[in-house]
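Hi there,

Here is the structure I promised to pass on. My notes on what I found follow below it.

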Amino acid sequence: MGIRLLLLSNLKEFLMIKKVLIANRGEIAVRILRACKDLGMQTVAIHSTADADAMHVRLADESVCVGPPQSRNSYLNIPSVISAACVSGADAIHPGFGFLSENSTFSHMVEEHGLIFIGPKANHIAMMGDKITAKKTFANLGLPTVPGSNGAVTNIGKALKIADEIGYPVLVKAAAGGGGRGMKVARSKEDFTEAYETARREAGIAFGNDSVYLEKYLSNPRHIEFQIIVDKFGNCVHLGERDCSLQRRNQKIWEEALSLVLTSDLRDSFGRKIAAAVKDVGYLGVGTLEFLYENKNFYFIEMNTRIQVEHPITEMITGIDIVREQILIAGGDKLSVSQDEIKFSGHAIECRINAENPETFFPSSGTITNYHCPGGPGIRVDSALYNGCKVLPYYDSLIAKLIVHANDREQCLARLQRALREYVIDGIDTLIPLHLSLVNDPSIISGDFDIHFLERFHKESV
Ligand code: ADP
């Protein structure tokens, strides 16, 4: 104990960041708090009035109320969040994911106030936040992209012409898109005008930017993404891939690492190619490049410039604490590993436990009347839940992540089944019953699925 305290206090003296404000809530705020505490850093939570009793507030060293329940007035209120950091004496802000994490104005303002933004530079957030620019940037650096319009399509006449050239089905996508919104499929020319207008309208409302572009709609790809980390000394590594093909409404609900369909040679060569491209862009920190993978070809779709929901499965198979690396790199440290030191061990699966009806995906809220968390070998639960806590209607429905690790995929599925059966969350609807049926499905067991699997699975089971 004495030695541990001594080590922590020694470590503190060398750290550039001593106090972190976590500009988020829920399980990711708790996850970040844990990384900060392991590093001996002080933590400041922010919360809305509705979240005063939330787990992230209870676990932080200090907390500041930043506004009323609605996110736009609290967690998204930039002046309130930055003021909270200044009054609490924090020297850095970790944005987590969602909320302000991909807002380049926010990251710029954080730095203007003399604080460290734990994430990439504002110009890279803006560059990757515009998917058209992101695609062009990586295409120029030699990464394959989905065939489509070469930029935004601004009128229906031109759009129809380009759609004909691409060949149906065609996907209309919002340049500023995220969370599966502002994306519409046109199966034929007859559908196109409606898909185009609807995508524009949705994008305008959701993102305040109705710019859209077109892509060939791939019929049976997998979603495969690579985790990368870059430090300011030009070291850039990839931590292998995650297969996130199991999605509902283009949003992931089950992720695996590694993917069953890549050979280790392909992983190594493509991973290094991606890392080199990211380094060329001058990027700093953690990021994920997302690809569709069909007929042994990769197609880049976007880059996320933040920590991702599904990062724990990569942590489980590499033993690397990605959030810790992210914080240390933001403080000016070197990456703790080189590419050759990164080894993959076993298989990991994450199930997103959303507060949703497992058949309709309708969000559910209320008080947790009984909570029991699974445990035992290979089980990790990232959540902010506790007995008697409230699941509020104002925020994202992701309330917990069940992460399972084992020597191989077969054992991982067996453990996952055991953990899902142990998990008790009473008082609200969750996706646990859906995950239980997935874990027993022959196609999931054999690993034979693509991004459309869940839509088909659902149609058959209702
Ligand atoms: P968002 O930023 O909204 O999450 P993405 O571009 O990352 O949007 O795509 C989300 C999901 O939509 C992908 O994982 C995939 O399932 C589907 N998708 C995206 N582009 C295509 C495409 N060209 N063809 C088929 N499906 C696609």
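In which strand is Ile399 found? The answer is β19, which spans residues 398-406; helices (H or I, at least four residues) and strands (E, at least two) are DSSP runs, numbered from the N terminus. Before going on, please keep in mind that this is a predicted model, in which local features need pLDDT of at least 70 and side-chain atom pairs count only at pLDDT 80 or more, while totals for chains, interfaces and linings use all residues. Residues are numbered from 1 along each chain as its sequence is written, and side-chain values use heavy atoms, with hydrogens and water left out.

Back to Ile399: at 10% relative accessibility this residue counts as buried. Buried means under 20% relative accessible area, exposed over 50%, and partly exposed in between (1.4 Å probe, protein chains only). The C-alpha atom of Ile399 is separated by 23 Å from that of Ala206, and the two residues are 193 apart along the chain.

Now the ligand. A shell of 22 residues surrounds the ligand, and the closest are Gly180, Lys216, His223, Gln247 and Glu302; a residue is near a molecule if one of its heavy atoms lies within 4 Å of it. An oxygen atom of the ligand is 2.6 Å from a polar backbone atom of Gly180. The value is also 2.6 Å from a ligand oxygen to a side-chain N or O atom of Gln247, and 2.6 Å from a ligand oxygen to a side-chain N or O atom of Glu302. On its own the ligand has 550 Å² of accessible area, of which the protein covers 96% (Shrake-Rupley method, 1.4 Å probe). Elements that give two or more residues to the shell are β6 (170-174), β8 (212-216), β12 (285-294) and β13 (297-304).

By type, the shell divides into eight nonpolar, seven polar and seven charged residues. Here Ala, Val, Leu, Ile, Met, Phe, Trp, Tyr, Cys and Pro count as nonpolar, Asp, Glu, Lys and Arg as charged, and the others, Gly among them, as polar. The ligand lies between domain 2 (147-216) and domain 3 (222-461), because both give residues to the shell; the bounds come from an automatic or database domain assignment.

Next, the backbone. The peptide bond from Tyr168 to Pro169 is cis, with omega near 0°, and Pro169 lies in the loop between α8 (156-166) and β6. Asn250 has a positive phi of about 60° although it is not a glycine. Asn250 sits in the loop between β10 (236-248) and β11 and is partly exposed, at 40%. Asn295 also has a positive phi, near 45°; this residue is in the loop between β12 and β13 and is exposed, at 65%.

Happy browsing!

Conventions. A polar contact is a pair of N or O atoms within 3.5 Å; within protein, one must be able to donate a hydrogen and the other to accept it, and residues adjacent in sequence count only if both atoms are side-chain atoms.
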